[in-house]
Amino acid sequence: MRTEGIAAIVTGGGSGLGAATGRALAAAGAKVALLDLNEAGAAAVAAEIGGIGIGCDVSDARSAEAAVAHAAEAHGPARILVNCAGVVNAGRIVGRKGPLDLAAYARVIEINLIGTFNLMRLVAAGALPLDPLEGGERGVIVSTASVAAYEGQIGQAAYASSKAAVVGLTLPAAREFAPAGIRVCAIAPGLFETPMMKGLPQEVQDSLGAAVPFPPRLGRPEEYAALVMAILANPMMNGEVIRLDGALRMQAK
Ligand SMILES: NC(=O)c1ccc[n+]([C@@H]2O[C@H](COP(=O)([O-])OP(=O)(O)OC[C@H]3O[C@@H](n4cnc5c(N)ncnc54)[C@H](O)[C@@H]3O)[C@@H](O)[C@H]2O)c1
């Protein structure tokens, strides 16, 4: 899909991979709306790229409905959705203090899985009635899984299962929307240098980076954004989850 003048929504756009994606989309001429729980972060990136920042909790139906409507008022219905909003939560299923708090588990599922589904349903509903573009395309949805979907480590039960569900959502969505020309893909990043990672001590970041076969470093958010742009550009890319990890395969811990 050509992105010039096309309305795009990026969740988690106030930080990390979402912010880099917003920048790449704007540089390619898209009209970008950044949705984030961190409204100030989204507004700051939006000001930089000439987009709009909208406060939104992706896990909440009403909040997402209002944010998608707000974006559509400004830019028209979005044909591009990139789901980057997400959270991590470490904790064993049964830790020293007993079983993992169920609400903590549910919150990760609500944001990473239900938040992804929530925006997918709303943006797809807005794109379905639009006229088809070149090649019959009406829209493209890219969600963010993780290599943890395949190699979840001890302590990542909540995160890994939420991301495995994002993998499982991709093909049925691509199949459902295929007759309308809306493609659905996901990216499974390895280890990327974002605020999520930068919270870790430098030596931990260095050792994580060194575990990546090649290149032996953390990924850069621009490299994630470059894959989003490649998916948008390539009409045969559909129903697929693409690892972006420098050949990293995570160990049990
Ligand atoms: N950084 C990595 O190494 C890595 C690896 C694999 C997958 N991922 C995934 O990539 C995505 C982006 O991560 P990142 O590294 O850029 O993290 P980040 O923390 O920099 O950005 C995530 C953004 O999501 C927002 N967010 C959180 N909960 C939200 C909610 N309920 N509603 C709306 N926005 C919400 C946060 O405010 C933040 O701005 C996440 O889904 C993450 O799980 C990251």
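A crossing is left-handed if the near helix is turned anticlockwise from the far one by less than a right angle, and right-handed if clockwise. The model is predicted, so to speak of local features takes pLDDT of at least 70, side-chain atom pairs count only at pLDDT 80 or more, and totals for chains, interfaces and linings use all residues. Numbering starts from 1 along each chain as its sequence is written, and side-chain values use heavy atoms, with hydrogens and water left out.

Select helix H3 (residues 61-75) and helix H4 (residues 102-127): they pack at about 40°, axes 10 Å apart. (Helices are DSSP runs of H or I, at least four residues, numbered from the N terminus; axes are lines fitted to C-alpha atoms over the stretch in contact, and angles run from 0 to 180 degrees between N-to-C directions.) H3 passes H4 in a right-handed crossing. Show Ala-61, Ala-64, Glu-65 and Val-68 of H3 against Asn-118, Leu-119, Arg-121, Leu-122 and Val-123 of H4, which make the contact (heavy atoms within 4.5 Å).

Next, pick H1 (residues 16-27) and H2 (residues 39-49), at about 20° with axes 10 Å apart. Their crossing is right-handed. Ala-19, Gly-22, Arg-23 and Ala-26 of H1 meet Val-45, Glu-48 and Ile-49 of H2.

Finally, go to the ligand: 28 residues surround it, the closest being Ser-15, Asp-36, Tyr-159, Phe-192 and Thr-194 (a heavy atom within 4 Å). A side-chain N or O atom of Thr-194 is 2.5 Å from a ligand oxygen. A polar backbone atom of Leu-17 is 2.8 Å from an oxygen atom of the ligand.

Notes: Helices (H or I, at least four residues) and strands (E, at least two) are DSSP runs, numbered from the N terminus. A polar contact is a pair of N or O atoms within 3.5 Å; within protein, one must be able to donate a hydrogen and the other to accept it, and residues adjacent in sequence count only if both atoms are side-chain atoms.
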